[in-house]
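Here is a short note to go with the model.

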Amino acid sequence: MGEDVTAPAADARDPASLLPPDEPVRLLSPDGTFHADAAYPVALSDAELVAIHRAMVITRRVDREAINLQRQGQLGVYASCLGQEAAQVASAWALDAQDWVFPSYRELGAAVVREVDPADLLHLFRGTWLSNHDPYEHRFALLSIPIGTQALHATGFAMGARLDANPLVTIVYFGDGGTSEGDPHEAMTFAGVLRAPVVFFVQNNQYAISVPLDQQTAAPTLAHKAVGYGLPGYRCDGNDPLATFAVTRRAVEDARAGHGPALIEALTYRMEAHTTSDDPTRYRTQEELEAAARTDPIARMRNHLRQRDLLDDATEAGFEQEADERARAVRDAIYDAPHGDPLELFDHVTLADRADLAAQREELRAELAARVAGQEGDDGPGPAPGAGGDA
Ligand SMILES: Cc1ncc(C[n+]2csc(CCOP(=O)(O)OP(=O)(O)O)c2C)c(N)n1
Ligand SMILES: [Mg+2]
């Protein structure tokens, strides 16, 4: 009460203060060597550094399992985060427990940090349910398939928290392609004017399905777009977990202190297909993929921890074993998971009953009943779960 939450940030009109640095922030070179930057301190204990590595290893293994499950017909589609583990894990690590995550469909790494059971999320890709996790328990919203809509949710949620004098911050994940969409544009416009405590975290993985970055935008960098909204723009090497953590932490702390939102562009690379429905050999070369593999975030963190004697063979083997167990648990939970009642589709659309929806519901009910009648006596397998298709 009393504070004018509609006042723009005092320094928001000075474009120079909002411009991203010429070079993306990088603290770890690909061989794992650390280069300190006083502007981006890495406030992490040794134990936390190792825990970030562990979360990345688990993410990668579970991600692989999800692809396997899709190949076996257990998921309709899946969007892999291979190669983006540092961008996701280290940015989510920069949040406090009270903060909220608003993910797109590719944020398994952030979910692992938030201790969301990956199997719960995979129900979306199986088509059994939106997700089985409790967003309030994990402070992790439902995955968003429509590009960028979650930016509005994160901004509105942050504004609401601010009006409640609740010091939480929200982070919203979207992609390079998402920066061309209307919803993030509207979200960043409002967030800038209203100083909502939200961090817009763009994973620039170089592609929006098959569209490469140079066809996505003519902006010098995605971080430069921040200036147009009156937000500070940051750029970091998104395959460097320490840089990603430090940059995100700074933006989160600024937002919590009332200095308003920020836009972070994390430079990374999508090592897998866009989704399991996509064939990336049609638009990118093997050479490009091999070059990107040399910047692998997990190898970089492993090198760093090894250099500092924070990771030995036994610990590493333990993480691999734990990751295998997590993958097995995901498989056990998803494999042949029963499908819900398709008519449930209509249950949460509107608060009040509507005649048109009731008619559609009845049409679907009759269609399903006719199909069951037609299949009576048929011993063959039922239809594959999910209709396939794209995110
Ligand atoms: C509103 C909307 N338009 C189009 C699509 C189809 N679509 C799915 S993913 C995608 C590209 C997204 O690229 P990017 O934002 O870079 O995220 P990434 O998939 O690389 O993580 C598109 C256009 C969609 N899901 N939602
Ligand atoms: Mg992309």
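Are tyrosine 78 and phenylalanine 125 buried or exposed? Both residues are buried. The model is a predicted one, and the points below should be read with that in mind.

1. Aromatic pairs. The structure contains nine aromatic pairs. One of them joins tyrosine 78 and phenylalanine 125, whose ring centres lie 5.4 Å apart with the planes at 75 degrees, so this pair is edge-to-face. Pairs with planes over 60 degrees apart are put in that class. Tyrosine 78 sits in the loop between α2 (46-71) and α3 (85-93), and phenylalanine 125 belongs to helix α5 (residues 118-126), so the contact ties together parts that are 47 residues apart in sequence.

2. Aromatic cluster. Elsewhere in the list of rings, Trp100, Phe102, Tyr136 and Phe157 are linked into a cluster by ring pairs.

3. Cavity. A search of the whole structure returns one cavity of 30 Å³ or more. The largest cavity holds about 70 Å³ of space. Tyr78 and Phe125 are among the residues that line the largest cavity, and the others are Ala79, Tyr105, Arg106, Glu107, Leu108, Leu121, Leu122 and Leu143. Helix α5 gives the most to this lining, with three residues. By class, the lining of the largest cavity divides into eight nonpolar residues, two charged and no polar.

4. Aspartate 176 lies in the loop between β2 (170-175) and α8 (182-194), while tyrosine 207 is in strand β4 (residues 207-208), so the pair ties together parts that are 31 residues apart in sequence. Aspartate 176 is buried, with a relative accessible area of 0%. Tyrosine 207 is also buried, at 8%.

5. Aspartate 296. This residue is placed in the loop between α12 (286-293) and α13 (297-307). The side chain of aspartate 296 reaches the backbone nitrogen of isoleucine 298 at 2.9 Å. Aspartate 296 has a relative accessible area of 17% and is therefore buried, the cut-off being under 20%.

6. Aspartate 134. The loop between α5 and α6 (135-138) holds aspartate 134. Its relative accessible area is 38%, which means that aspartate 134 is partly exposed.

7. Positive phi. Most residues other than glycine have a negative phi. Which values of phi do glutamate 115 and isoleucine 209 have? For glutamate 115 phi is near 55 degrees, a positive value in a residue other than glycine. Glutamate 115 is in the loop between α4 (108-113) and α5, and is exposed with a relative accessible area of 65%. For isoleucine 209 phi is near 50 degrees, again positive. Isoleucine 209 lies in the loop between β4 and β5 (211-212), and at 35% relative accessibility this residue counts as partly exposed.

How values were computed. Residues are numbered from 1 along each chain as its sequence is written. Chains are lettered from A and ligands numbered from 1 in the order in which they are written. This is a predicted model: local features need pLDDT of at least 70, side-chain atom pairs count only at pLDDT 80 or more; totals for chains, interfaces and linings use all residues. Side-chain values use heavy atoms; hydrogens and water are left out. Helices (H or I, at least four residues) and strands (E, at least two) are DSSP runs, numbered from the N terminus. Buried means under 20% relative accessible area, exposed over 50%, partly exposed in between (1.4 Å probe, protein chains only). Rings of Phe, Tyr and Trp (its six-membered ring) pair if their centres lie within 6.5 Å; planes under 30 degrees apart count as stacked, over 60 as edge-to-face and the rest as tilted. A polar contact is a pair of N or O atoms within 3.5 Å; within protein, one must be able to donate a hydrogen and the other to accept it, and residues adjacent in sequence count only if both atoms are side-chain atoms. On a 1 Å grid over the protein atoms alone, a cavity is a set of points where a 1.4 Å probe fits but cannot get out, and a pocket is an open set with protein on both sides within 12 Å along at least five of seven lines; lining residues have an atom within 4 Å of a point. Grid points are joined across faces, edges and corners, and a volume is the space filled by probe spheres set on the points. Ala, Val, Leu, Ile, Met, Phe, Trp, Tyr, Cys and Pro count as nonpolar, Asp, Glu, Lys and Arg as charged, and the others, Gly among them, as polar.
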